[in-house]
Each structure stands twice: as structure tokens, then as C-alpha cells.
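Dear colleague,

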Amino acid sequence: MSSIADTSVPVAPRRRMPAASSWTLTIAVAVAVVALLPLGFVLWATVVTGWETAALLIFRGRVGELMVNTILLIFFTIPICTVVAVSLAWLTERSDLPGARLWSWLAVAPLAVPAFVHSYAWIGTWPSLHGLFAGVAISVVAYFPFLYLPLAAAFRLLDPALEDQAASLGLAPFAVFRRVVLPQLRLALCGGMLLIGLHLLAEYGLFAMIRFDTFTTAIIDQFQSTYNGTAAHMLALVLVLCCFVLLGLEATLRGHRRYARLGPGVARQLKIIRLGKWKYPCLLLPLTVAAFSLGIPALTIGRWLIAGGSGIWRMDEVGLSLIQTLAICLIGGLATTAAAVPIAWLSVRRPTRATRFLEGCYYLASSMPGVVVALALVTVTVRVMLPLYQTVATIVLAYVVMFLPRALVSLRASIAQVPVELEQAAASLGRSPGNALWSTTVRLAAPGAAAGVALASLGIINELTATQMLAPNGTRTLAMAFFALTGEIDYAGAAPYALLMVIFSMPLIWLLHYQSKKIAGR
């Protein structure tokens, strides 16, 4: 018996998760539960409504009209955005286009103009503009930068050796682009198209101003006019299902191919393609895009500012809206970034299936439109936590749910660049796990945290639907004031608010553009 005992293999003791990690995981799980609250609300509302009533509210002519509008809007907008973004990214990153750096910045700058300000600018130029055509045209100029940014970064990181090999086999330049370059852009294309599709589903102000009905505008109308909660909840269910369909399509198109370069040495520097006689004709594309995406808003806002004169600058109202906007952006940005810290640290330091699942919950929650998040929080606060109804805490919570991935992406990248050995060295010197984490990783990841705050604040500046439904009484942000005045056809009075939103968004867009260049080593 002793010999058997001697030859047995000792069982290694199970490693326990450090206390700091367990607490971090607990916080991350709590944030994920809160982030999934809107999805749980939609499912709960469906169950409470009952199948018969839900079927009557879902399978009706009005929902069919909204679905047709949504499908047509996505069907036309995304392909046009793709063509514009791919062409601009190739011209600014791969060709000798004159002023390529300037055109690259101008291709990103439209993100500083909120979508509903684009709509306001186009209506100011063409007052009769409305319907599907207007929705597609304005959506293209407002949202194509979401595709341009990842495509431009992808073009910078391509290895030209693959293109040279394809050309040596006798393929024409267009065939090389179609068969070699485009497949390498699949991740950027899928991600950008998904982002545009989700924005099209969630947008309210742009389509309300041009009288084009979507699920979001219909939900807001139900909520504001009749407070028909059941009908609004069922429309929210259909809207969430549309989001899931887009997420599934993106995952299917993205596939599981390997996109990283595999081979000895490093990738060669990209070869700039000479446009030759096409150099100046190719300038027509960035010129046209800049004219429609930046020129029309600038001309319209400038014209209404001149027409309104100094009287439209009612500093008591404008100043109050500016202060409230900056305050809520700062609070929301800081809260969103703080909520992203636990899962960002876990995804880098403790990558497991559980952390990947939690991270996926965050992204899934943020894909739901602001109106669904607002409906969920309105219902929960009214039924369960009435003192929190229309308070700053509720609107900040909505911002955390909607913009958490913006902070998460920046934080995760910064934490990954901090060596874990620094935390271990601090702990070996007698510091507690929390103190070691704070004194090393958190401080060194501060630039990423700042970028996360900035990106979340950019979304908050342009957010309208959730802010309208959840903001405390007396709140009047720049977006709310702008939309209220345009609803009264006071376009001159709305101009100062539009101008301030653009001015305060520009530095955040520059930071986004700078980070994109930095990732590619430029």
C-alpha cells in the first residue's frame, strides 16, 4: 500500500483568484447586469403584454410601413456610404492626391456635426426636402466617416507584397484591388457598416425634421403624444430585433478568416500610386463630399446667424444650455469610463471565457437605440425606484449603457501597453492589490482613460432621444434647445446652439483622428 501511495501523482492545489480580481469581476458583472437592463425590459414588456395583444400590435399595417422604410433606408444608405468611404480612403492613403492630409481630416470632420444639424442645414437650403431620398442623402453625409475611419486605418496597415505578387501573376490593377485588397478590408467594412446601420436604427432628430417615419420616431411619437406604453414597447421589441439581425449579419459576413500577416521580416512601406492625368479630376470627389458634408452646414448656420443678428444670442438661455451640456458631458464621460475600468482590466489581465462573455454583453447593450434604453429606465424608475425618475443619476446611467464601448476600447488598448510586472513589483513592495493597481496601471493608462472620456462625451453632446425622455425638469442641453427651436420653425434662434455643438465637438473629433493615425504608426 505504501508503494502505491508513493507512486501516486500529487494533485496541485487549485489556484484561488486574487481578492482584487474577484472584486473587479463582481463589479464588472454588476455593470453588465445594469447594461442588459433594456434588453430585459423589452422581454418583460412582451411577456406582460401577452402574445395575443403583442401580435395585434406587431403584425399591423403601421409596423409594416415602418419596416419598409427602415429596410429601404439601410439598403440605399450603406452601399453609398461604402463606395464613398472606400474611394476617399484609397485616395487619401494610397495615392498622391494633392492635399491628402487635409482631405483626410475633412473626411472625419463631419462627425463633429450632429446628424440632426445636418438635417437642419439641408432643410435650410432646400425647404421642400423630405422623405426617403432626403433621409438617404443626409444619412450618407452624416455617417460615411464611420466607415472612412476604419478603412483609412486598414489601408495604412496593408502589406503591398501581396498586391505585387498578384500583379506579377498577370492580374489587372482593378482585379488586384477586388481580389487582394478588398478581402483584407472585410473587418473594417463589416464594423463600419454595422455602426452605420445601428445609427440609422437609433436616429431620431434627423428623420423627424424631414418627416420620414422610422421605428424610433414612431416610438417617440407614441410616448410623447398618447403615452401609449404598450404600443411603444412592442415597437421597441421590433427595433431590438432589427438590431439583432444587423449584429448577426455582421458576424456572418465577418467570418473567421485570418487577417494578420504571416511571414519573415516586417511589412514593406506602402507604395504611393501615381494618379497621373487623373490627379486633379480625382479631387472632385473629396471636394464634393466636403461641400455637402461641411459646406452646407457652414453656409446654413452662417446664414441664419447673420439673419438673426445679435438678438439670437440670448446669453442667459444659451449660456445655461452650454453649462448644462458641459456638466452632463463631463459627469457622463467620467462615469462611463469608470464603469469600463473593471472589464477593461479583466479583459487584458485575466482573459477568460467569462470576461469575454461580459465584454460581449456590454457591446450588445450599447447596440440598442437610446429610445429603448430610455423606455426601460423610465419604466423601472416609475415602477420600482420612483425617487430616481427624471434625475441626473438616471440620465447618467443611460449614457453609461449607451456609450460604454467607446470608453472600453480606449482603456483596453492603454492597459495592454502597461507591463503587468509593474503591478507585481508594486505588490511585492508591500502595497495592497488595489493600491498597486492604482499606482501603476491606472496612472499609466490615464491617456487612454482621457480618450475614453472624450469619446463618450462626444456621444453625449449629440445624444437627443434619451436626454429628452430622462433629463430632469428644467434641463435644457444644447441639443434639446436646438431641437425645440427648430420644432417651432425658429431656425435663426437655433443657429447659436448648432454652432456651439460643432465647436465643442471638433477637438474630440481631432482626438479620434489623431488616435487613428497613431495606431498605424503615423
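**Findings**

Thr 24 has its place in helix H2 (residues 19–35); helices (H or I, at least four residues) and strands (E, at least two) are DSSP runs, numbered from the N terminus. The model is a predicted one, in which local features need pLDDT of at least 70 and side-chain atom pairs count only at pLDDT 80 or more, while totals for chains, interfaces and linings use all residues. Residues are numbered from 1 along each chain as its sequence is written, and side-chain values use heavy atoms, with hydrogens and water left out.

Thr 24 counts as buried, at 12% relative accessibility; buried means under 20% relative accessible area, exposed over 50%, and partly exposed in between (1.4 Å probe, protein chains only). Leaving aside neighbours within four places in sequence, Thr 24 is in contact (heavy atoms within 4.5 Å) with Pro 342, Trp 345 and Leu 346.

For the protein chain as a whole, the secondary structure comes to 26 helices and zero strands. Of its 522 residues, 51% are buried. Among contacts between residues at least 6 apart in sequence, 83% join residues at least 24 apart.

The largest nonpolar core has 153 residues, of which Val 117, Tyr 120, Tyr 148, Leu 151 and Phe 482 touch the most other members. Such a core is a set of buried Ala, Val, Leu, Ile, Met, Phe, Trp, Tyr and Cys residues joined through side-chain atoms within 4.5 Å. Helix H20 (residues 392–416) gives the most to this core, with 13 residues. Apart from it lies another core, of six residues, among them Leu 97 and Leu 275.

Helix H20 also packs against helix H18 (residues 353–366): their axes come within 7 Å and cross at roughly 135°. Axes are lines fitted to C-alpha atoms, for helices over the stretch in contact, and angles run from 0 to 180 degrees between N-to-C directions. H18 and H20 are therefore oblique to each other, given that angles under 35 degrees count as roughly parallel, over 145 as roughly antiparallel, 65 to 115 as roughly perpendicular and the rest as oblique. The residues making the contact include Tyr 362 and Tyr 363 of H18 and Leu 404 and Pro 405 of H20.

Finally, the count of disulfides (pairs of cysteine sulfur atoms within 2.5 Å) comes to zero. Cys 190 is buried, with a relative accessible area of 6%, and Cys 329 is buried at 5%.

With kind regards
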